Amino acid sequence: DNCGKMCDAWAEKDKRIRVIHKENGGLSSARNAGIDASTGEYLMFIDSDDYIAPEMAEKLYKALNENDADVSECGIIRINEDNTPDRLDIPSICIGRQYALECVLTGRYLLTFVVNKLFRSKLFQTVRFPEGKFFEDKFISHRIIGQCNSVCLISDMLYYWAIRKDSITQTAGWVHRLNWLQALGDGISYCNPSSSTTLFSEIFYNYATRLSALYDDQISVDRYSLDMRVLRSLVLRFFYLRKQCTIRQKIHLWIIRISPKFHHILVKLFG
């Protein structure tokens, strides 16, 4: 299409705009190229097909600096294929690092999204999006939030997320689920909880049972055997987190520890 020419035309009108022409390397590659070329104090990410409210940058900048936060974020309006909107609401609050990391692992407050946020660019000095992975936001969210003193949320709905049938989040196949689990495993490893709490027990149980579900007898896992071994090693590493689980959950976890594939077969047979 003519997107490149349109961007060049805007750059001619406004010298603050810098256009980068590169081969299509996927979403992470494009974002990383933008990070590498950036020189300012702040970063925002907007995906193709999506759009934002005109005041989004201004409001997030104000929230960030008035509260001396490192990340600010707004609510999202999801535009479905039939053009109907769904609100993804968040409250107007500021939260500290530890609670923010817990929210990342549980998926609370949209903290695993990067598109609805304003970041201090220093957070990306050593962090880049993983190329060749799905759910790239989830792979880095804990590493970004883990550097923050605080995160400021505002309830304003300022980001518009356009849903397409062929988008990554709508076509979650086996490899997509594998990448999602890899990202969650990275998050658990990053937080490295020293003791079992109810929250981390639930997170660990969710992780382990989803790992078991990957062992579908209709899917060959030979190509991803290394990834599966890494994921299973995390089950063994964090097995102590089972302590706050229910008895039923503990039984599931012990079976998963012995054989995730056998657990998956049992679940399919008996529920």
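**Chatting through the structure**

Visitor: What sort of model am I looking at?
Guide: It's a predicted model: local features need pLDDT of at least 70, side-chain atom pairs count only at pLDDT 80 or more, and totals for chains, interfaces and linings use all residues. Residues are numbered from 1 along each chain as its sequence is written, and side-chain values use heavy atoms, with hydrogens and water left out.

Visitor: Back to Ser155, then. Is it buried, exposed or partly exposed?
Guide: Ser155 is partly exposed, at 34% relative accessible area. The scale goes like this: buried is under 20%, exposed is over 50%, and partly exposed is in between, using a 1.4 Å probe and protein chains only.

Visitor: And which residues does Ser155 touch?
Guide: Ile90, Pro91 and Ser92, if you skip residues up to four places away in sequence. Touching, or contact, means heavy atoms within 4.5 Å.

Visitor: Switching topic: how many aromatic pairs does the structure hold?
Guide: There are 12. One of them joins Phe124 and Phe129, with ring centres 6.3 Å apart and planes at 35°, so that pair is tilted. To pair, rings of Phe, Tyr and Trp (its six-membered ring) need centres within 6.5 Å; planes under 30 degrees apart are stacked, over 60 edge-to-face, and the rest tilted.

Visitor: Is Phe124 buried or exposed?
Guide: Phe124 is buried, at 2% relative accessible area. Phe129 is buried too, at 3%.

Visitor: How about Phe239 and Trp254: how are their rings placed?
Guide: Their centres are 4.8 Å apart and their planes stand at 80°, so this pair is edge-to-face. The pair connects distant parts of the chain, 15 residues apart: Phe239 is in the loop between helix H8 (225-237) and helix H9 (247-258), and Trp254 is in H9 itself. Phe239 is buried at 3%, while Trp254 is partly exposed at 39%.

Visitor: Which residues form one aromatic cluster?
Guide: Phe45, Phe119, Phe124 and Phe129 do.

Visitor: Over which ring does the charged end of Arg210 sit?
Guide: Over the ring of Trp180, 4.4 Å from its centre.

Visitor: OK, helices now. How do H4 and H5 pack?
Guide: Helix H4 (residues 97-106) and H5 pack at about 170°, and their axes are 9 Å apart. The axes are lines fitted to C-alpha atoms, for helices over the stretch in contact, with angles between N-to-C directions running from 0 to 180 degrees. H4 and H5 are therefore roughly antiparallel. The cut-offs are under 35 degrees for roughly parallel, over 145 for roughly antiparallel, 65 to 115 for roughly perpendicular, and oblique for the rest.

Visitor: Which residues meet there, between H4 and H5?
Guide: From H4, Arg97, Ala100, Leu101 and Val104 meet Lys138, Ser141, His142 and Ile145 of H5. By type, the contact of H4 with H5 has 4 nonpolar, 2 polar and 2 charged residues. Here Ala, Val, Leu, Ile, Met, Phe, Trp, Tyr, Cys and Pro are nonpolar, Asp, Glu, Lys and Arg are charged, and the others, Gly among them, are polar.

Visitor: What about Ser121, where is that?
Guide: Ser121 is in the loop between strand E6 (117-120) and helix H5 (136-145). It counts as buried, at 18% relative accessibility. Setting aside neighbours within four places in sequence, Ser121 contacts Gly40, Glu41, Tyr42 and Leu43.

Visitor: And Ser212? Where is its place?
Guide: Ser212 is in helix H7 (residues 198-213), and it is buried at 2% relative accessibility. Again leaving out neighbours within four places, Ser212 is in contact with Ile256, Pro260, His263 and His264.

Visitor: Last one: is Arg16 buried or exposed?
Guide: Exposed, at 76% relative accessibility. Arg16 lies in the loop between helix H1 (3-13) and helix H2 (27-37). Its C-alpha atom is 58 Å from that of Phe262, which is 246 residues away along the chain.

Note on methods: Helix = DSSP H or I, 4+ residues; strand = E, 2+ residues; numbered from the N terminus. Lys NZ or Arg CZ within 6 Å of the ring centre and 35° of its normal.
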